Amino acid sequence: MRVTYFGHSCFYLETATARLIIDPFLTGNSVCPVKAADVRCDYVLLSHGHDDHVGDALALAQRCNATIIGNFEISEYFAARGAQTHGLNPGGGHNFSFGRVKLTLAHHSSSLGENPLAPVYLGSPCGILITADGRHIYHAGDTALFLDMQLIGRAGLDLALLPIGDNFTMGPDDALEALAFLKPKLTVPMHYNTWPVIAQDAADFARRADLQGHAVRPLKPGESLEV
Ligand code: NI
Ligand code: MN
């Protein structure tokens with residue numbers, strides 16, 4: 001399957017039978033190489049409710065007739081706004097047309113601040129484990145390092161998408177420890193360099209990971225790889 005990075009935590013996955021977009025923060029993301037109006041997708045997967053992850057989810061779901069997959073509260077929130085949705089919760093998985101999606105733990109928060117005086121609480125933040133075309137892909141969402149990542153890695157991960165930005169999520173030091181727990185064949189860093197507060201040197205992270213025997217490949221927004 002082809003995996004394309006759209007910057008921040010947004011990835012576009014082209015499986016044999018469906019197009020998936022994860023955390024589609026496109027509009028308002030200065031590093032995003034595509035316009036939301038040009039993206040076609042069948043499923044929109046959301047890790048949590050923060051606006052730098054929900055992004056264009058509703059507009060994509062409506063224009064593309066795509067199904068939003070996320071935690072139960074996110075599913076209900078977008079269903080009430082007219083989208084097709086499928087709600088899960090951590091530990092639960094479901095078989096879709098293209099393969100299986102299972103939500104995992106993530107240590108973070110999950111509100112949507114459309115009105116900063118009264119943010120909407122959108123359930124537990126999650127990671128997303130996708131099995132499609134015989135590949136296992138883990139999108140960690142926004143998270144701290146946690147020991148239970150060892151459980152997520154036991155499926156045998158072909159690709160891990162891990163935040164390294166620090167401040168809101170784990171930074172490079174903790175992400176290196178996450179690699180030891182997850183043991184993915186390949187890792188692409190995310191959630192960095194979108195804003196100055198999460199500026200990181202991804203090439204340096206890749207070098208340090210390599211010294212510990214882990215393959216890390218930073219992608220520029222717009223770049224793709226095959227898994
Ligand atoms: Ni977040
Ligand atoms: Mn975030």
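Donors are the N, O and S atoms within 2.8 Å of a metal (3.2 Å for Na, K and Ca); water is not among the atoms, so sites may look incomplete. Before you start clicking, know that this is a predicted model, where local features need pLDDT of at least 70 and side-chain atom pairs count only at pLDDT 80 or more, while totals for chains, interfaces and linings use all residues. Residues are numbered from 1 along each chain as its sequence is written, chains are lettered from A and ligands numbered from 1 in the order in which they are written, and side-chain values use heavy atoms, with hydrogens and water left out.

**Stop 1: the metals**

Select the manganese ion (ligand 2) and the nickel ion (ligand 1). Which residue bridges the two ions? That's Asp142, and the ions lie 3.1 Å apart. Asp142 sits in the loop between strand S12 (135–139) and H4, and His191 in the loop between S14 and H6, so the pair ties together parts that are 49 residues apart in sequence. (Helices, H or I with at least four residues, and strands, E with at least two, are DSSP runs numbered from the N terminus.)

Now show everything that holds the manganese ion (ligand 2): Asp52 (OD), His53 (NE2), Asp142 (OD) and His191 (NE2) coordinate it at 2.1 to 2.2 Å. Along the chain, these donors follow the spacing D-H-x88-D-x48-H. Both Asp142 and His191 are buried; buried means under 20% relative accessible area, exposed over 50%, and partly exposed in between (1.4 Å probe, protein chains only).

**Stop 2: His8**

Next, click on His8, in the loop between strand S1 (2–5) and strand S2 (11–14). Is His8 buried or exposed? At 0% relative accessibility, His8 counts as buried. Contact means heavy atoms within 4.5 Å, and residues up to four places away in sequence are not counted for His8. The residues that His8 touches include Asp52, His53 and His191 from your last stop, along with Phe25 and Trp195. Its side chain also makes a polar contact with the side chain of Thr194 at 2.6 Å. (A polar contact is a pair of N or O atoms within 3.5 Å; within protein, one must be able to donate a hydrogen and the other to accept it, and residues adjacent in sequence count only if both atoms are side-chain atoms.)

**Stop 3: the strands on either side of that loop**

Switch to cartoon view. S1 and S2 run antiparallel and are joined by 4 bridges; two strands pair if DSSP finds at least two bridges between them. Pick Thr4 and you'll find its bridge partner, Tyr12, in S2. This hairpin has 5 residues between the strands, and Gly7 takes a positive phi near 90° there. S1 also runs antiparallel to strand S15 (residues 224–226), with 3 bridges joining them.

**Stop 4: salt bridges**

How many salt bridges does the structure hold? There are 5, each a side-chain nitrogen of Lys or Arg within 4 Å of a carboxyl oxygen of Asp or Glu.

- Arg19 and Asp42 meet at 3.1 Å, N to O. Arg19 lies in strand S3 (residues 19–22) and Asp42 in the loop between S3 and strand S4 (43–45), so the pair ties together parts that are 23 residues apart in sequence. Arg19 is partly exposed at 31%, and Asp42 is partly exposed too, at 25%.
- Lys185 and Asp158 meet at 3.0 Å, N to O. Lys185 is exposed at 61%, whereas Asp158 is buried at 13%.
- Arg208 and Asp173 meet at 2.7 Å, N to O. Arg208 lies in helix H6 (residues 202–211) and Asp173 in helix H5, so the pair ties together parts that are 35 residues apart in sequence.

**Stop 5: the cores**

Finally, select Phe98, Ile130 and Tyr138, which touch the most other members of the largest nonpolar core, a group of 51 residues. H5 gives the largest share of this core, 6 residues. (A nonpolar core is a set of buried Ala, Val, Leu, Ile, Met, Phe, Trp, Tyr and Cys residues joined through side-chain atoms within 4.5 Å.) Then colour Cys10, Tyr12, Leu26 and Ile74, which are among the members of a second, separate core of 24 residues.
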